[in-house]
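Dear colleague,

I am handing over the structure we spoke about, and my notes on it follow below. Please read them with the coordinates open.

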Amino acid sequence: MDPDYAAYLLDRYRTALTLYARQFCLAAEDVVQETFVALCKQRERPQNPAGWLFRVTRNRAISQRRSEQRRLSHESKAAVSHQAWFESPEDGNALDAQAAATALQQLPE
């Protein structure tokens with residue numbers, strides 16, 4: 001792919017592609033950048049560059065959204081499973097912040 005042509009397409013479509021990707025995910029700028037990297041790796045120009053750019057941006061943005069949702073789900077599950085560490089020390093399983101700080105101060109340097 002001709003770098004000048006790719007730069008022209010970037011200047012022309014970057015803003016529209018970013019707005020389009022924001023419909024699907026939070027990391028729209030990253031998705032658009034990945035799309036243009038993929039464009040530069042193409043050996044030949046797409047027959048319909050605008051259509052190609054929007055299709056690839058949409059597919060990458062949807063994939064990014066799925067990744068975001070999986071990450072948030074895993075983080076939520078992890079937060080619930082570790083919540084007992086931050087509860088009151090009376091339950092016997094929780095971390096006592098004062099006791100931990102005292103123990104750390106008694107360690108040799």
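Cys 40 is partly exposed, because its relative accessibility is 44%, where buried means under 20% relative accessible area, exposed over 50% and partly exposed in between (1.4 Å probe, protein chains only). Cys 25, by contrast, counts as buried because its relative accessibility is 6%. The search of the whole structure finds zero disulfides, a disulfide being a pair of cysteine sulfur atoms within 2.5 Å.

Please keep in mind that this is a predicted model, in which local features need pLDDT of at least 70 and side-chain atom pairs count only at pLDDT 80 or more, while totals for chains, interfaces and linings use all residues. Residues are numbered from 1 along each chain as its sequence is written, and side-chain values use heavy atoms, with hydrogens and water left out. The average pLDDT (the predictor's confidence in each residue, from 0 to 100) is 86 for the protein chain, with 85% of the residues scoring at least 70. Among the elements, the highest mean pLDDT, 95, belongs to helix α2 (residues 28-40), and the lowest, 82, to helix α4 (residues 97-106).

The protein chain has four helices and zero strands, in the order α-α-α-α along the sequence; helices (H or I, at least four residues) and strands (E, at least two) are DSSP runs, numbered from the N terminus. Of its 109 residues, 26% count as buried. Where contact means heavy atoms within 4.5 Å, 60% of the contacts between residues at least 6 apart in sequence join residues at least 24 apart.

Leaving aside neighbours within four places in sequence, Val 32 is in contact with Arg 14, Leu 17, Thr 18 and Thr 57.

Thr 35, in helix α2, is buried because its relative accessibility is 0%, and, not counting residues up to four places away in sequence, it touches Trp 52, Leu 53, Val 56, Thr 57 and Arg 60.

As for the aromatic rings, the whole structure contains four aromatic pairs; rings of Phe, Tyr and Trp (its six-membered ring) pair if their centres lie within 6.5 Å, and planes under 30 degrees apart count as stacked, over 60 as edge-to-face and the rest as tilted. Tyr 13 and Phe 54 form an edge-to-face pair, at 6.3 Å centre to centre and with 85 degrees between the planes. This pair links distant parts of the chain, since Tyr 13 lies in helix α1 (residues 3-22) and Phe 54 in helix α3 (residues 49-81), 41 residues apart. Tyr 13 counts as buried at 15% relative accessibility, whereas Phe 54 counts as partly exposed at 25%. Together with Tyr 20 and Phe 24, these two residues form one aromatic cluster.

With best regards
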